[in-house]
Protein chains: 2
Amino acid sequence: MTHVSIIGSGNMGQAISAIVAKGGNTVELFNSTDKDKAVTGEVVILATPYPAYEQVLADRADQLAGKVVVDISNPLNFETFDSLTVPADGSAAAELAAKLPDSKVVKAFNTNFAATVASGNVGELPTTVLIAGDDADAKALLAGIVSAGGLRAVDAGSLKRARELEAVGFLQLTLAVGEKTPWTGGFGLA
Amino acid sequence: MTHVSIIGSGNMGQAISAIVAKGGNTVELFNSTDKDKAVTGEVVILATPYPAYEQVLADRADQLAGKVVVDISNPLNFETFDSLTVPADGSAAAELAAKLPDSKVVKAFNTNFAATVASGNVGELPTTVLIAGDDADAKALLAGIVSAGGLRAVDAGSLKRARELEAVGFLQLTLAVGEKTPWTGGFGLA
């Protein structure tokens, strides 16, 4: 059994929390008023919007040392919906990993809409959580939690692939905003 | 009725050719021995590997003026399978558009495996052709050809979005090579 801390109690935080619990693992969900409570999970999922990561790290970087830290963000410019806010040759996950050298940073869930985490499907396909990272054990631990919760986990490669995962997440958001795919849908993997 | 020229008679060229014909449009398929025959289609689909585009343009750039030119490429480094060969802030489509200022360049089909163009489905989802470009008429013309042929066409935005489409195509290829998704599958859009 793995203890999981989720920072951010919005749609994604809640949906992932339910998956963790469904799989028989334990979960603590932090909202913005829980700043003084330390995270105790072996796995810490950052489920706040990307701009809030800076404050989370200011408050908790030391608590994250040695832990698996899961970045689910899509670092969009939400004013223009036309670009990401990270460098073209980088990713939010790479920036986070640089700031947390003592953590095992994994990218996951950013290509999943909250409704598909909750429902377990994307149209007729099962919801697939794509996981990228440089630490095989960290990825396997998260994949086990995801699978136990009833979703499909797929290893998408090294943390370098976070760049492509963030491109998928970005594109998917523009398609949903443009009503080309429902918020209960998006990309599924056959 | 639209006349379509397809340069490249591999799996993708053949599959797209069948879709065009199925929709009641006319198609001419060029292979590598047809270099001296001019393209006559209003729409020209480049269905060669990306490295061969240079030769196609050397042979035919003047023939492509005024036409809708469809870039279906995934400009991967096929030795490492770890990066694209185009700049991080660009795309193959953007490079092509710069070289063909008198053509209307559209990105499409690069997120579809040939088998899904032929079958019409990605697992239980219909095959979706994502189309990006800056010329609305060119996108609508291609979307009409795709829809008439029985596939779903979705406008993915401006040609700037080709960068994200190429990231999707790249990621999808790495997942297939890693046996995380079948060559008859990949990403579907709900």
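The following legends describe close-up views of a predicted model.

Local features are reported at pLDDT of at least 70 and side-chain atom pairs only at pLDDT 80 or more, whereas totals for chains, interfaces and linings use all residues. Residues are numbered from 1 along each chain as its sequence is written, chains are lettered from A and ligands numbered from 1 in the order in which they are written, and side-chain values use heavy atoms, without hydrogens or water.

**View 1. Overall fold of chain A.** Chain A contains six helices and ten strands (DSSP runs numbered from the N terminus: H or I of at least four residues for helices, E of at least two for strands). Its radius of gyration is 15 Å, close to the 16 Å given by the globule rule for 190 residues, so chain A is as compact as a globular protein of that length (the radius is taken over C-alpha atoms, and the rule is 2.2 Å times the number of residues to the power 0.38). The C-alpha trace of chain A spans about 40 × 35 × 35 Å along its principal axes. Of the 190 residues in chain A, 55% are buried (buried is under 20% relative accessible area, exposed over 50%, partly exposed in between; 1.4 Å probe, protein chains only).

**View 2. The aromatic pair Phe78(A) and Phe81(A).** Seven aromatic pairs are present over all chains (ring centres of Phe, Tyr or the six-membered ring of Trp within 6.5 Å; planes under 30 degrees apart are stacked, over 60 edge-to-face, the rest tilted). Among them, Phe78(A) and Phe81(A) are edge-to-face, at 5.6 Å centre to centre with 75° between the planes. Phe78(A) is partly exposed at 48% relative accessible area, and Phe81(A) is partly exposed at 24%. Phe81(A) belongs to the loop between β4 (68-71) and α3 (92-99) of chain A, and has a positive phi near 50°. Most residues other than glycine have a negative phi.

**View 3. Lysine over phenylalanine in each chain.** In chain A, the charged end of Lys37(A) sits over the ring of Phe30(A), 5.0 Å from its centre (NZ of Lys or CZ of Arg within 6 Å of the ring centre and within 35 degrees of the ring normal). In chain B, the charged end of Lys37(B) sits over the ring of Phe30(B), 5.0 Å from its centre.

**View 4. Surroundings of Leu64(B).** Leu64(B) lies in the loop between α2 (53-60) and β4 (68-71) of chain B and is buried, at 0% relative accessibility. Leaving aside residues up to four places away in sequence, Leu64(B) touches Val39(B), Val44(B), Leu57(B), Val69(B), Leu100(B) and Ser103(B) (contact means heavy atoms within 4.5 Å).

**View 5. Surroundings of Thr128(B).** Thr128(B) is part of strand β8 (residues 128-133) of chain B and is buried, with a relative accessible area of 7%. Its contacts, not counting residues up to four places away in sequence, are Asn112(B), Arg152(B), Val154(B) and Leu189(B).
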